[in-house]
Amino acid sequence: MDNHRYHHHPPPQSQLTPAKSSRQRYNNEWIFRDVPSDITIEVNGAIFALHKFPLVSRCGRIRKLVADHRDNAISKVELLSLPGGAETFELAAKFCYGINFEITSLNVAQLCCVSDYLEMTEKYSTRNLGSRANEYLDTVVTKNLEMSVEVLKQSENLIPLADDLKIITRCIDAIASKACVEQIASSFSRLEYSSSGRLHMSRQVKGESTDWWIKDLSVLRVDMYQRVMSAMKCRGVRPESIGDSLMSYAEKELTGLYNLNGKKTDSRGVSGHERIAVETIVGLLPVEKPAVPLSFLFGLLRAAVMLNCSGACRIDLERRIGSQLDLATLDDLLIPSLRHADDTLFDVDAVHRILVNFSQQDNSEDEMEDGDDGDGSGFESDGPDSPSQSALVKVSRLVDSYLAEIAPEINLKLSKFIAVAESLPAHARTVHDGLYRSIDVYLKAHQGLSECDKKKLCKLIDFHKLSPEAGAHAAQNERLPLQSIVQVLYIEQLRLRNALCCNDPDDIHKPPPHYQSWRINSGGLSAAMSPKDNYASLRRENRELKLELTRLRMRLNDFEKEHVCMKRSMEKSSSHNFMSNFSKKISKLNLFGLSSSSRGSSSPSRHSQRSDSKVTMRTE
């Protein structure tokens, strides 16, 4: 009999209902017609007109039914919930009649189950259907990976009986073993001798995969696939192969999240199948970082957000992403938010949690390094040239770009913006130009911020770490609070003073004072200044800045008083008196400026004027 006979679909629902009068009567041409039928078997609405003798000689279940109703001469038997349906029962009946048919990987699971259901064991007949089906499963199917996958696929609708008969377990063990053997064979095939006579493994060509079974496993249902991958991980299959298989399976199972135009569908219209698939794939991810690319993890996170997956699933993905965040791009961080209509366009909370995971990883590494005994190698590894520091710098630039991207959002709360900006340690940013740019964009888009909120926002910026161009822009930025502008001008004044000091040949190699604080913030202590001295210097500079600000306010008040007096004099006096008084006022103003310049301490107005002129020269 041809194999295609075993592929039909189950009968329509109308024919499966016993209450209906219509029944599907099989045209059993293989049954001999010279003997009239004495028993009728009904299987899921299908009628089989058969004979008792061939059936009771091999089927223990039918033999018991006939024996129990010997007095009534039973003529009809209804087999409820027979595994495999009418098609499989037809094969079992053919076996009872001695009709030859082919056992294949497409029907062996059904035959094993139906033989157990009908009790077609060695107890009733030698070489019965049960022993032959199991023999084929053990000697043929389990020796071939593709056939094992096919049997698993056929067993999906035979649970739990297929589990009880160990059909699924035998196939899963065979698949895992064959995959390990294939990998070992491929590894040996890549061994070669170098020119020096040493044995080494040749590099695999990029894009070339020796794991041909990856596509085969994609046909399995989620629960079956999970069991197969768990067995492979226990057997020691390479994490890269596990990752490739997971990506291939996700590509097949999650295509329903996108329509033909590539746009995301409404998550309410997606069934729970995709949600289970995402959670299963996340649970099977290898612990090794290079097993799957970072873009795949971000794709899973987007799917988890869209499908409202469990919190544990999203937390696991965020932790994995945070451990290799230095490899991410700006597009990766732009995770759509699907919560409320008044929420932000992107999921800022998820990015914040990812950054927290990254920072915690950095802190844990720092603690491990500080706890190492030896000659201080752990302290030196935290320097600017270490991989940890380079990762911090990359992530800080990425975060600043992300903040600038989300800053124009009207619904973005100040607390969320500050939380993302503060999620990295202070020494992560060696330059604050990117952070200043993102804050400026936020201030421009949220012009209704109070002065207190503006000050809170600008406290994030270390104006000492602004480049000259950014400092020149900040000095003229009207969106910044007055205190921040004065601080920028003061820093520009210090830079001018340091630039003048560098004209001395003896001091040309001395770094400016604020460079010392940069080194301390970046994780390495300066040899020229201890942390205690640096803290005292910062406090002294802060006091000087406050004093300069107070003097500036006092001079502004004096100038306003002089202006009022001049205006009154102009109204009361004649033109001659006006000119004399005007000259006196001018002389007083000049004397005020000279007297301030004659003092040893520098005045804020001169410094601010000098800084303003310097800023103008730089921006021209």
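A: Arg320 and Asp316 both belong to helix H15, where four residues, about one turn of the helix, separate them. Helices (H or I, at least four residues) and strands (E, at least two) are here DSSP runs, numbered from the N terminus. The model is predicted: local features need pLDDT of at least 70, side-chain atom pairs count only at pLDDT 80 or more, and totals for chains, interfaces and linings use all residues. Residues are numbered from 1 along each chain as its sequence is written, while side-chain values use heavy atoms, with hydrogens and water left out.

The side chains of Arg320 and Asp316 join in a salt bridge, with an N to O distance of 3.3 Å. The term denotes a side-chain nitrogen of Lys or Arg within 4 Å of a carboxyl oxygen of Asp or Glu. An α-helix has 3.6 residues a turn, so residues three or four places apart point the same way. Both Arg320 and Asp316 are buried, a class that means under 20% relative accessible area, whereas exposed means over 50% and partly exposed lies in between (1.4 Å probe, protein chains only). A network of salt bridges links Asp316, Arg319 and Arg320.

Helix H15 (311–322) also takes part in the packing around helix H13: the buried residues of H13 pack against H15, helix H11 (222–235), helix H12 (239–253) and helix H14 (294–307). The buried residues of H13 are Glu274, Ala277, Val278, Thr280, Ile281, Val282 and Leu284. H13 covers residues 272–284, and its end C-alpha atoms lie 19 Å apart, which agrees with the 18 Å that its 13 residues should span at 1.5 Å a residue. The expected span is 1.5 Å times one less than the number of residues in the helix.

Across the whole structure, the search finds 14 salt bridges. One of them joins Lys76 to Glu42, with the closest N and O atoms 3.5 Å apart. This pair links distant parts of the chain, as Lys76 lies in strand E4 and Glu42 in strand E2, 34 residues apart. Glu42 is buried, its relative accessible area being 4%. In strand E4 (residues 76–79), Val77 and Leu79 form a covered face, and Lys76 and Glu78 an uncovered one. In a regular strand the side chains alternate between the two faces of the sheet.

Strands count as paired if DSSP finds at least two bridges between them. Strand E2 (residues 39–43) also pairs with E3, in the antiparallel sense, over five bridges. Here Val43 stands opposite Ala46 in E3. E2 and E3 form a hairpin with two residues between them, and Asn44 in the turn has a positive phi of about 55 degrees. Asn44 counts as partly exposed because its relative accessibility is 31%. Strand E3 (residues 46–50), in turn, has four of its five residues buried, so the rest of the structure largely encloses this strand.

A further salt bridge brings together the side chains of Arg479 and Asp440, at 2.9 Å from N to O. Arg479 is partly exposed, at 29% relative accessibility, whereas Asp440 is buried, with a relative accessible area of 11%. Side chains of opposite charge can pair when their charged atoms come close.

For context, the protein chain contains 28 helices and six strands, and 43% of its 620 residues are buried. Of the contacts in the chain with a separation of 6 or more, 68% involve residues 24 or more positions apart; contact means heavy atoms within 4.5 Å.
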